[in-house]
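Please consult the sequence and the structure shown here while reading.

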Amino acid sequence: NALVKREVFSGVDPQRILWTNSGTAALALALRSAAEGCGRPGGEVLLPAYTCPDVLSACLWAGLKPRLLDLAADTPWMDLAAVEAAAGSDTAAIVAINFMGIRERLPALSALADGVGAVLVEDSAQYFPETAAALSADFTVVSFGKGKPVSTLGGGALLVKGCGQKLPVLPVPRRTSLVPILQRLVYNAVIAPQIYGGLVRLPGLGIGATRYQPLLEVSGMDDMRCAWLAGNVEYWCHREQPAVSQLSAGILLLRDQGVIDLARLCPGTRLLRYPLLLPDESVTARAEQRLLAAGLGASRLYRRILPELTGVPGESLVCQGELPVARAFASRLLTLPVHSGVRARDVYAMLHIIRDGLH
């Protein structure tokens with residue numbers, strides 16, 4: 001598997017890569033290393049109030065205090081003024097989230113981190129860095145979990161910018177090869193739009209619901225998933241995304257009706273899903289319901305900011321202000337599929353449903 005791993009991140013020294021059992025584990029190790037490196041164990045981590053709760057799980061595993069910041073208007077990015085106001089002598093790390101392929105403003109965040117002696121960590125769980133040039137943060141975290149750009153239904157990687165950083169040796173779990181194979185078969189069957197859409201609408205199952213779960217295991221990546229990596233990377237980096245350009249052209253006609261095309265913040269990037277902001281929560285909810293009923297695979301993602309998600313230990317969080325922009329973002333976000341199975345007629349149907357819901 002050493003040769004396979006070398007092919008995954010071309011041009012990156014293998015000594016600067018740590019292979020883990022999950023992206024959350026990789027982020028947890030990055031944050032712990034960041035805090036130790038800057039001499040601030042138990043310090044604060046600055047992160048956006050709207051993000052995956054696994055980011056919070058990683059912070060708490062590392063023994064750090066999450067400080068939640070508001071977003072800049074109509075973007076998935078943290079408000080730079082809020083970052084500057086919150087950063088200080090107790091800040092161990094700033095977490096920059098790559099949202100669906102829309103990258104944070106790393107130069108600006110790096111300057112703010114350097115200014116207070118903190119470390120910049122890029123969470124790239126929703127994007128796959130295709131070249132070594134894309135690795136510009138002190139630590140970059142990649143996930144190979146369910147629904148990720150390069151998925152093996154589990155596993156992750158931590159990439160370190162500096163050559164002097166010593167990475168821990170992690171135990172590799174011994175698991176029967178049947179486990180990941182069965183996971184793959186079941187997952188591929190369930191994610192078919194018609195099946196998934198039906199499961200989401202069934203009461204009591206909680207399919208698609210976002211809940212906080214603590215990080216319980218930090219270990220290495222198992223051999224079976226390692227063996228799948230190179231082929232999955234090749235597929236992701238070379239597959240076409242005609243749905244992206246088709247959606248972009250169609251959404252351009254909806255700008256005057258309050259639809260914000262978030263993909264235009266980072267044109268030309270390979271997207272995990274196509275993110276939009278609709279005028280308000282009621283419009284977003286109706287659009288999602290109709291799209292799912294049509295088998296078109298829409299998702300509102302997390303739906304709420306971190307303090308409002310089920311199971312989140314609120315006593316562990318510090319909120320920087322009331323977080324109104326992040327709360328509005330969470331309520332208005334709608335994401336659309338752009339995978340290879342999305343056809344031109346699917347794009348037309350998605351745009352038609354969204355347009356009708358605006359009237």
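In the protein chain, 72% of the contacts with a separation of 6 or more are accounted for by residues 24 or more positions apart. The model is a predicted one. The protein chain holds twelve helices and eleven strands, and buried residues make up 52% of its 359 residues.

**Two helix pairs**

Two packed helices are described by the angle between their axes and the distance between the axes. The table gives these values for two pairs.

| Helix pair | Angle between axes | Distance between axes |
|---|---|---|
| α9 (residues 242-251) and α12 (residues 344-357) | about 30° | 10 Å |
| α2 (residues 23-37) and α3 (residues 53-61) | roughly 45° | within 8 Å |

With axes that cross at roughly 45°, α2 is oblique to α3. The crossing of these two helices is right-handed. On the α2 side, the residues in contact are Thr-24, Leu-27, Ala-28, Leu-29, Leu-31 and Arg-32. They meet Asp-54, Val-55, Ser-57, Ala-58, Cys-59 and Trp-61 of α3. By class, this contact of α2 with α3 comprises eight nonpolar, two polar and two charged residues.

For α9 and α12, the angle of about 30° falls under the 35 degrees that count as roughly parallel; the two helices are therefore roughly parallel to each other. The crossing of α9 past α12 is right-handed. Ala-243, Gln-246, Leu-247, Gly-250 and Ile-251 form the α9 side of the contact, and Ala-344, Val-347 and Leu-351 form the α12 side. Six of the residues in this contact of α9 with α12 are nonpolar and two are polar, with no charged residues.

**The buried face of α9**

Which residues of α9 are buried? They are Ala-243, Val-244, Leu-247, Ser-248, Gly-250 and Ile-251. Viewed down the axis of α9, the buried residues lie within an arc of 170°, so they line one face of the helix. The partners against which the buried residues of α9 pack are β8 (260-261), β9 (274-277), β11 (333-336) and α12.

Ser-248 belongs to helix α9. Its relative accessible area is 18%; because buried means under 20% relative accessible area, Ser-248 counts as buried. Leaving aside residues up to four places away in sequence, Ser-248 touches Asp-261, Arg-264 and Tyr-274.

Arg-345 is located in helix α12. With a relative accessible area of 60%, Arg-345 is exposed. Arg-345 and Ala-243 are separated by 102 residues in sequence, while their C-alpha atoms are 10.0 Å apart in space. Ala-243 is among the α9 residues in the contact with α12, and Ala-243 is also buried.

**A buried loop residue**

Where does Leu-309 lie? Leu-309 is placed in the loop between α10 (281-293) and β10 (318-319). Its relative accessibility is 7%, and Leu-309 counts as buried. Apart from residues up to four places away in sequence, Leu-309 touches Pro-53, Thr-210, Tyr-302 and Arg-304. Pro-53 falls in helix α3 (residues 53-61), which packs with α2. Leu-309 and Arg-211 are 98 residues apart in sequence, with a C-alpha to C-alpha distance of 6.2 Å.

Key
Residues numbered from 1 in each chain as written. Predicted model: local features only at pLDDT ≥ 70, side-chain atom pairs only at ≥ 80, totals over all residues. Heavy atoms only, no water. Axes fitted to C-alpha atoms, helices over the stretch in contact; angles between N-to-C directions. Helix = DSSP H or I, 4+ residues; strand = E, 2+ residues; numbered from the N terminus. Parallel < 35°, antiparallel > 145°, perpendicular 65-115°, else oblique. Left-handed = near helix turned anticlockwise from the far one by under 90°. Contact = heavy atoms within 4.5 Å. Nonpolar A, V, L, I, M, F, W, Y, C, P; charged D, E, K, R; others polar. Buried < 20%, exposed > 50% of the residue type's maximum accessible area, 1.4 Å probe, protein only. Arc of directions from axis to C-beta.
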